[in-house]
Amino acid sequence: MELIKPDLGLLIWMIVSFSVVVFILIKYAWKPILKALKDREHTIERRLLAAKKAKEELARIEFGNEKITALAKIERDNLIKEAKEIKTKIIEEARNEAKVEARKIIEETRKSVQKEKEEAINEIKNQISELSVIIAQKILKQELGNKETQKKLISKLIEEIDLN
Amino acid sequence: MNKSYLYSICFLFLFIFISFPIFGNEKVEEKNIAEQNEHPKETFNVGAFIFDHIADHYSWHLFTYKHKHVAIPLPVILYSKNKGWNIFLSSKLNHEHIYNGFTIDIDGKYKGKIIEVNSEGAFIERPFDISLTKNVASILISCIILVLVFVSVANTYKRRVDMPPKGLQSLLEIIIIFVRDDISKSSIGEKNSHKYTPYLLTIFFFILLNNLMGLIPIFPGGANITGNITVTLTLALFTFIITTFSGNKNYWKHIFNAPGIPWWLKAPLPLIPLIELVSIFIKPFVLMVRLFANISAGHIIGLGFFSLIFIFGNMNTFAGYAVSPLSVMFTIFMSVLELLVAFIQAYVFTFLSALYFSMAIEEHH
């Protein structure tokens with residue numbers, strides 16, 4: 001049958017043209033195309049990996065930043081707290097000192113007042129004694145000028161002694 | 001979306017199963033009609049019509065206008081013992097003319113081929129014939145298309161380094177990657193596939209392009225290339241040669257001294273080695289027949305449906321008109337199916353070639 005009988009002329013043409021096509025396509029088409037595809041796939045793979053790495057790096061940096069911020073916050077809080085403490089302490093100290101000082105001043109004042117009072121009292125006493133001597137001198141001069149009265153006094157004094 | 005696709009495939013298969021018996025019946029009827037109408041004006045012979053369409057020709061018939069055939073003449077190249085080399089255009093042989101002692105055999109042993117005749121018109125010999133026939137011209141056209149397309153795509157790849165694919169490149173890239181990964185790498189393996197991928201790509205696109213061009217009924221297409229036994233023979237021959245030459249020690253050992261087979265099957269009568277040896281040749285033979293039969297059958301069925309118009313038209317003009325819409329619909333369905341077959345057969349041929357290569361280079365485990 002015609003349909004399934006190979007034809008020699010066609011066979012020769014087919015072998016020649018197909019060989020040429022195979023050769024040309026392999027050399028000028030498939031090799032560059034397959035190479036380009038492979039290169040592109042490698043590039044994409046490499047870039048994906050790089051992107052992943054960069055993302056991780058970024059995450060790490062961000063985490064670091066957060067940590068630093070948190071630390072700074074804690075530091076700040078600490079500082080504020082410390083400052084407050086120092087402040088209260090200073091105020092307390094100042095107050096205490098002031099109190100002590102005030103007490104001291106008061107004490108001293110009181111002491112000096114006491115002293116002055118005592119001195120004044122002493123003075124007054126001295127003056128009183130002097131005055132009383134003067135007054136007694138005057139009284140005695142007056143009383144003892146008359147004999148009668150002298151006798152009376154003496155007797156009286158004796159009487160008083162008896163009573164004692 | 002997926003479901004509707006599935007439905008359409010199911011419908012197509014259903015359609016084929018139903019269509020075969022119908023076609024067969026018509027053929028039988030047609031034969032009866034042809035016998036009855038042997039004498040009257042013009043009889044329509046379906047068999048001759050179909051085989052004429054899928055056979056090779058010396059000229060490229062374009063169309064017939066008012067009983068005049070319009071065809072592209074192609075060069076005829078002959079070598080005969082008496083006249084040496086002869087090169088002339090096929091138009092010289094039109095209308096059963098004898099040119100320089102050569103004519104096309106009408107009804108002899110070499111029907112449809114050029115033969116050398118003497119002055120009385122008696123047969124002398126069949127010359128060595130390497131004419132640029134319709135099939136050869138079509139092969140050359142498809143080869144040129146392949147080279148132009150893929151070299152230009154390769155240049156696009158070189159030019160657009162590090163850029164996404166564009167235009168034709170992106171369309172073909174999908175298929176190229178499919179052949180590389182799903183045919184070559186999956187059957188041959190990561191390590192050795194790069195040696196065979198270029199060849200596999202070539203046969204895939206060669207078969208696909210010619211399958212598709214065979215579906216186009218007008219000029220650049222229309223030739224039945226992949227449904228021609230000589231063409232599929234050549235393709236299978238290439239696969240056979242590559243398989244045989246890449247066969248390693250393990251491959252040949254499996255053929256001549258298959259391990260795990262009882263000795264009495266190998267000697268004194270080498271039963272298993274003989275079967276294995278035959279299988280080497282059966283594999284490419286099957287490749288050849290499968291592609292040829294699938295594509296030819298598609299063309300025959302498509303033309304058969306189309307012939308229905310003329311069969312019924314011969315019986316009755318109105319019957320011809322009535323049946324033509326149905327026939328056109330059938331032919332369209334057949335063409336759509338053939339479109340699917342074009343891809344499937346290109347895939348199957350390439351995949352089996354890859355499988356044979358992988359058998360030839362398989363390492364012993």
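The largest nonpolar core of this predicted model has 59 residues, and those touching the most other members are A:I33, B:L146, B:L200, B:I203, B:F204 and B:I207. A nonpolar core here is a set of buried Ala, Val, Leu, Ile, Met, Phe, Trp, Tyr and Cys residues joined through C-beta atoms within 7 Å. A residue counts as buried if 20 or more other C-beta atoms lie within 10 Å of its own, as exposed if 12 or fewer do, and as partly exposed in between, with C-beta atoms placed from the backbone.

**Who builds the core**
- At least two residues each come from α1 (8-143) of chain A and from α3 (134-159), α4 (168-188), α5 (193-215), α6 (229-246), α8 (271-315) and α9 (317-361) of chain B; helices (H or I, at least four residues) and strands (E, at least two) are DSSP runs, numbered from the N terminus.
- With 13 residues, α5(B) gives this core its largest share.
- Another core lies apart from it, with 12 residues that include B:V46, B:F305, B:F312 and B:F330.
- Beyond its neighbours within four places in sequence, B:L200 is in contact with B:V179, B:I183, B:S184, B:T350, B:S353 and B:A354; contact means C-beta atoms, placed from the backbone, within 7 Å.

**Where the chains meet**
- Chain B brings 39 residues to the contact and chain A brings 29 residues.
- On the side of chain B that touches chain A, α3, α4, α5 and α6 of chain B each supply at least two residues, and α3(B) has the largest share, 13 residues.
- That side of chain B has 24 nonpolar, 9 polar and 6 charged residues, where Ala, Val, Leu, Ile, Met, Phe, Trp, Tyr, Cys and Pro count as nonpolar, Asp, Glu, Lys and Arg as charged, and the others, Gly among them, as polar.

**The sheet in chain B**
- An open sheet of 3 strands runs in the order β4-β3-β8 with antiparallel pairing; strands pair if DSSP finds at least two bridges between them.
- β4 (84-89) and β8 (128-129) of chain B are at the edges with a single partner strand each, so one side of each has no neighbour in the sheet.
- B:Y79 stands opposite B:F128 in β8(B).

**Chain A**
- Chain A has 2 helices and 0 strands.
- The C-alpha trace of chain A spans about 205 × 30 × 15 Å along its principal axes.

**Reading the numbers**
- Residues are numbered from 1 along each chain as its sequence is written, while chains are lettered from A and ligands numbered from 1 in the order in which they are written.
- Local features need pLDDT of at least 70 and side-chain atom pairs count only at pLDDT 80 or more, whereas totals for chains, interfaces and linings use all residues.

Definitions and conventions
Contact = placed C-beta atoms within 7 Å.
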